[in-house]
Amino acid sequence: MMTSEEMMRFPEEMRPSLRMVEQSRNDRVAAVRRGESYPSLSLTDREAWLEEFHPDYSYGGRRALRVGPSRGMEVPVELAELLESKPRRIVQQLRRIEVEKRVDVLVIGGGGAGTAAAIAAAEAGQSVLIATKLRHGDSNTLMAEGGIQVADHECDSPLQHFLDVLGGGHFTNDRDLVEILVTEGPLVLRWLEEQGMQFDKYPTGRMKVRHGGGTSRQRLHSAGDVTGLEMMRVLQDHAESLETIETLPFHAAIELLTDERGRAVGALLEQVGKNRVMAVQAKSVVLATGGFGRLHVQSFPTSNHYGATADGLVIAYRAGLPLRDLENSQFHPTGIAYPESKTGLLITEKFRGLGAQLLNRHGDQFVFSLEPRDVTTAAIIRECKEYDNGVATPSDGRGVWLDIPMIELLHGRGTIEKEFPGRFKEFMHRGIDLRTMPLLSYPTLHYQNGGVSITPDAGTDMPGLFAAGEVTGGVHGKNRLMGNALLEILVFGLHAGRSAALFSQEMGEGGYPGLSHLEAFLSDLDERSVNTNVTAPSLLPSYGPVEWPLTGINGDRRDNDDLTGRFS
Amino acid sequence: MDSLETVKTVDIIYDDVSYCVPVDRTVLSALEEVGIHFIRSVGCRGGVCGACTILYRVGSDYTLKAALMCQEMVQDGMSILPLPFFPQRKQPHRLDLPESETPDYRVLNHYPEVNGCIMCGECTRLCPMGIDVMGYVGMVKRGDLRGASEESFTCVQCQACALRCPAQISQPNAAMMARRYHARYQAPQAEHLSKAIERIESKAFDAGFRRLRRLDEDELRALYQRREREPTDAHPGTWLPEDRSML
Ligand SMILES: Cc1cc2nc3c(=O)[nH]c(=O)nc-3n(C[C@H](O)[C@H](O)[C@H](O)COP(=O)(O)OP(=O)(O)OC[C@H]3O[C@@H](n4cnc5c(N)ncnc54)[C@H](O)[C@@H]3O)c2cc1C
Ligand code: SF4
Ligand code: SF4
Ligand code: FES
């Protein structure tokens, strides 16, 4: 129970609802102890709820692409704008391409997938350059809290995992990719353990596991609530120890370079904020630029890092690579809705995995809290919009309670502090005691389910170009289950690195690096009379007004290439 | 997390300019709203990457504080210095362990400067993550890698401690090495994982996959709906499903 002082931290309008949550808590805990749970939806109900309430299906949210290799495919309008855009001005003004650097393998993006690829390529004897937009490691990978799915315990198997992944993805996944994903899970888990990554373990060494949304077995492995941070810092530390990997931070890829035969032979990099381009020639290229949360699809807030602006999709699409499964974006059901300064940040699914329930303003459950993410998202929106059972925030947003204090009752005192050391400290610092205070949540834009199509060896339609991670599509189909993205970036990141290394060794240097693919794309834009002033990739979002040229320690003039908006 | 009855504002100083900003903002969102577009100093925007370190003082208070811009709320009279870049000392290693060495000595030999800690407590006082930095430095010094791993576990490598250390210790990097050596050489390894790997390497699931891959979508859906769900309170390795055909 909250103290009255804690209660006072919430706006007055929320307090009656909070009291109802507290009143029903003991009964709900008792019901869980009896083994009762809110019934999960049938597959038909799931589909009906999704169609009616999931943002993917809302009117005007998507449109068909008018140009390019996936013409006709529906994508969020914010993404369509970028996919049908012109190159950045700095590219339009470029007169000649002078190669400044040559490497065997160029890896674009220094998140989890890119770093794993770089390690694999370097260990296969190749020289590697990681070009990344922000600092090495600034990525969605580092933000992952919940964990990584791997079928390693006795009651589980890759087959069972396969079934869960397909069901979560509504049976639209590329089955070859899923088979590799689940089968190699235990191998990458061991690899990570050998790299000195920490996992939550019992004293015997057996790994602790939990359920995630849509899992039939407990197979989510974690490192406290900072699994992604721990994984990223270990990968990065390992990469830094390999002399054949060089890293260029604050260098964003803004176009691929291709030779006369249409093979990928490098990329144009822009030094972010410095208005300078640099051409890198490589024998093969790995695209690992991550996702698109910072496009703020339908004005939703996002859980993603600063650089998640779909750059990889843009440059790959222009170079003629087909995309898939971008009709559906993943909204995480429990982004923070209050306190509003944290809007959109994630409250990891692990809280629900440990028993925290979703409640409407009457303190009642309205959905089984571990449905697949898209279903839970639809259910929350339905509860708020259709039944008006949401809790209002001061700026007239809506949210539902996530009853975190239940966890202490279910699993004993101290569980929250032990299981969520990072979040616990952070919220405590802000005067929010998660042991007694529920949080208000609402869906947040979280994951780009689809992307560039890949083959089982992480190859793409373009010779010499490999891709892995959130920028790719197929593994998760229309919807990803928690914990499968961290698995994917390792499994396919390592494949991409090995395949790229092999390609470099076998094929040697390609032809002269050029931009002929751009000409083809631009004339396609012309022919289909797509008039656009948008230039992309956008590199970073731009929040707030920037009316005057700013210089100084950190401020930089806003560039028209950037996105606009205002979010936390 | 004040109730938002009225919209109040405060003044903050950044890069020599004073800005009037709403109270309920993080330093990061307040600065962006007044028109500063960050390139460095922003990463995750969620308090885990340590890109947005600042040092600040409030008004005439003598204390110098460190914080993460994306987490810290603005306060009246805050004067802010960002730390967009920090020259780090990082000792390369391959996570290897020569026979003559132990993990704790290995770490100590890479960061012998921890021995020079004067226990001033400045690092612990500053750490925005509330970590007892001086504590884990002492543990590295004493060879307690497990303790150092646990205490430094939520370190976001913001470098605030290293910036102010009079003994010039690179605390986060020593901690990073301590965690990896502890996890690799001291923490118990997962034996059940070896069994899972053996089964995969002996191709135990190939036939199962062939069977699954032959099913049409309706059959798969039926199988999916019939899945048994492992109870949440089952201790790993104890529960088994009725239907073992997928194992
Ligand atoms: C808050 C949060 C929590 C999550 N929790 C989980 C979880 O518990 N379990 C799970 O499995 N998954 C989780 N995910 C998803 C998962 O973390 C990501 O999908 C995955 O890590 C993506 O890895 P990646 O390497 O493909 O992309 P990222 O890790 O995002 O890396 C992409 C890199 O490319 C760089 N880049 C971008 N554009 C360019 C460019 N033009 N040029 C050069 N570099 C560029 C970026 O700066 C970044 O460093 C979570 C995601 C978020 C945001
Ligand atoms: S230990 Fe040092 S580097 Fe790590 S979070 Fe604390 S102050 Fe930052
Ligand atoms: S700041 Fe340096 S000298 Fe002072 S306690 Fe911390 S590690 Fe020791
Ligand atoms: S931006 Fe990552 S900690 Fe603030």
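Chain B exposes about 11,700 Å², and carbon and sulfur atoms supply 49% of it (Shrake-Rupley method, 1.4 Å probe; for residues, only the protein chains shown count as cover). This is a predicted model, where local features need pLDDT of at least 70, side-chain atom pairs count only at pLDDT 80 or more, and totals for chains, interfaces and linings use all residues. Residues are numbered from 1 along each chain as its sequence is written, chains are lettered from A and ligands numbered from 1 in the order in which they are written, and side-chain values use heavy atoms, with hydrogens and water left out.

**Chain B overall**

- Chain B has 10 helices and five strands (DSSP runs, numbered from the N terminus: H or I of at least four residues for helices, E of at least two for strands).
- With a radius of gyration of 26 Å, well over the 18 Å that the globule rule gives for 247 residues, chain B is more spread out than a compact globule (taken over C-alpha atoms; the rule is 2.2 Å times the number of residues to the power 0.38).
- Of the 247 residues in chain B, 54% are buried (under 20% relative accessible area, 1.4 Å probe, protein chains only).

**Around ligand 2**

- The residues around ligand 2 (a heavy atom within 4 Å) include B:Cys127, B:Cys155, B:Cys158 and B:Cys161.
- Also among them are B:Tyr136, B:Gln157 and B:Gln159.

**A:Arg190**

- A:Arg190 sits in helix H9 (residues 185-194) of chain A.
- A:Arg190 is buried, at a relative accessible area of 18%.
- Beyond its neighbours within four places in sequence, A:Arg190 contacts B:Ala190, B:Leu193, B:Ser194 and B:Ile197 (heavy atoms within 4.5 Å).

Terms used:
Buried means under 20% relative accessible area, exposed over 50%, partly exposed in between (1.4 Å probe, protein chains only).
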